[in-house]
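Reader: Could you take me through this structure? I would like to begin with the aromatic rings.

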Amino acid sequence: MPERSPGPTDPAARMKRVALALLAGAALLYALAVWGGRAHPHAGWGWLAAGAEAAMVGAMADWFAVVALFRHPLGLPIPHTAILPARKARLGRNLADFICDNFLATPQVLAKLRSFDAAGRIAHWLMQSAHAQQLGAQAVALVRLALGALDDARVRDFVARAAGAGLRHIDVAPLAGQLLGALTAQGRHQALLDEVLGQLAELLDDEALQEQLTDAIAREVKALRYVGLDQVAARLATRKIVAAVARTLGETAASPGHPLRLRFDRFMATFIERLQHDPGFIARGERWRDELLAHPALAGYLQGLWGQLRDWLDADLAANEDSAIRQRVSLLAAGLGRRLEADEAMRHWLNEQILGAAPALIERWREDGRRYIEERVAAWDTDALVREVERNIGRDLQFIRINGTLVGGLVGLLIHALTVLGIG
């Protein structure tokens, strides 16, 4: 712990000089009383001698008690002295127990949390424009720090290698099968299929669109002329085909048991099964994955994309208060504060979550705090600890010596009075 040398205005040093002066004064008074009693016998000298003698005894006894707290008096290894250095470890444990049991106990902390209203305070804090702007500034600083770190070639190479290694461990085909299986489980894909088929049927049922499709297809089917069909017949046949397609799509969308829909379901089930278990599909997926990762165009594309993103971020962050990122974060923070302030149910829920999670966290971190206090006190330099404690409470301890001198003198006078009066 840091050491501080007592200065000329140190209160403890001043009070130590006062206590020493009182002891010296009592000793002078005692010497004067002894000399006066011998040279000029008179009852008054006895009173002075008794008071001064008791004052010296009180001063010396309290001096011994005060010094014994910090060191061996006169350097003598008297038992039960130098208490603080000898009991430093126990002091750390007792201090840790006192703080943890009286300030960090779970009931006390929970009571404080209940009255604290963390959600309300968060909402109020976020609603203030200065705080929202501060969050935006912190976000800008964080992004700048991240950009500075990622701009190092070593970091980019490490991230690229780590990402590549991670992607190479992905089984593409089984993963795709699992994803499709989750999407199609319990017929979830049927709702999407209904929507797609319905939209297609509605589009193809439009007279103008059918006319456009008929013209386009009829123009392309040049071979119809060679089988004896003229352009009018080609348009009529094409129009019937388009109408039939539209009608089939509408029927499929309207009928859950339509053969085309059932055939689509069987195809999806078979495809998912092959993706997950067919060695050929799995090997093909791995080959595509490796070819894609090894292709130089992918690396070039990603580097170009990262370069564009970085340039945009650099330009935006350089704008300081006009930064889009900063403004967006500030607006989001202020908006969140307003919504939280207006939503009492959400604030209650947030406070309940905090109170629910608090006991385990309190127990966990309280013990860490207990260990930290014990270890910190044990690591203190003993001499520095003694000096620091003595510097902080030394002034009050010197008052003990002063009071001992004065009270001892008064008690001495009282005992002498009782003796003279024949009561003691």
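Reader: Is Phe 103 buried or exposed?

Author: Phe 103 counts as exposed, at 53% relative accessibility. Buried means under 20% relative accessible area and exposed over 50%, with partly exposed in between (1.4 Å probe, protein chains only). Please note that this is a predicted model, in which local features need pLDDT of at least 70, side-chain atom pairs count only at pLDDT 80 or more, and totals for chains, interfaces and linings use all residues. Residues are numbered from 1 along each chain as its sequence is written, and side-chain values use heavy atoms, with hydrogens and water left out.

Reader: Which residue forms an aromatic pair with Phe 103?

Author: The structure holds one aromatic pair. Phe 98 and Phe 103 form this edge-to-face pair, at 5.8 Å centre to centre and 70° between the planes. Rings of Phe, Tyr and Trp (its six-membered ring) pair if their centres lie within 6.5 Å; planes under 30 degrees apart count as stacked, over 60 as edge-to-face and the rest as tilted. Phe 98 is partly exposed, with a relative accessible area of 47%.

Reader: Changing topic, what is the phi of Asp 117?

Author: Asp 117 has a positive phi of about 55°, although it is not a glycine. Most residues other than glycine have a negative phi.

Reader: Where is Asp 117?

Author: Asp 117 is in the loop between α5 (106-116) and α6 (118-127). Helices here are DSSP runs (H or I, at least four residues), numbered from the N terminus. Asp 117 is partly exposed, with a relative accessible area of 32%.

Reader: And which residues of α1 are buried?

Author: The buried residues of α1 are Ala 12, Met 15, Ala 19, Leu 23, Ala 26, Ala 33 and Gly 36.

Key:
Helix = DSSP H or I, 4+ residues; strand = E, 2+ residues; numbered from the N terminus.
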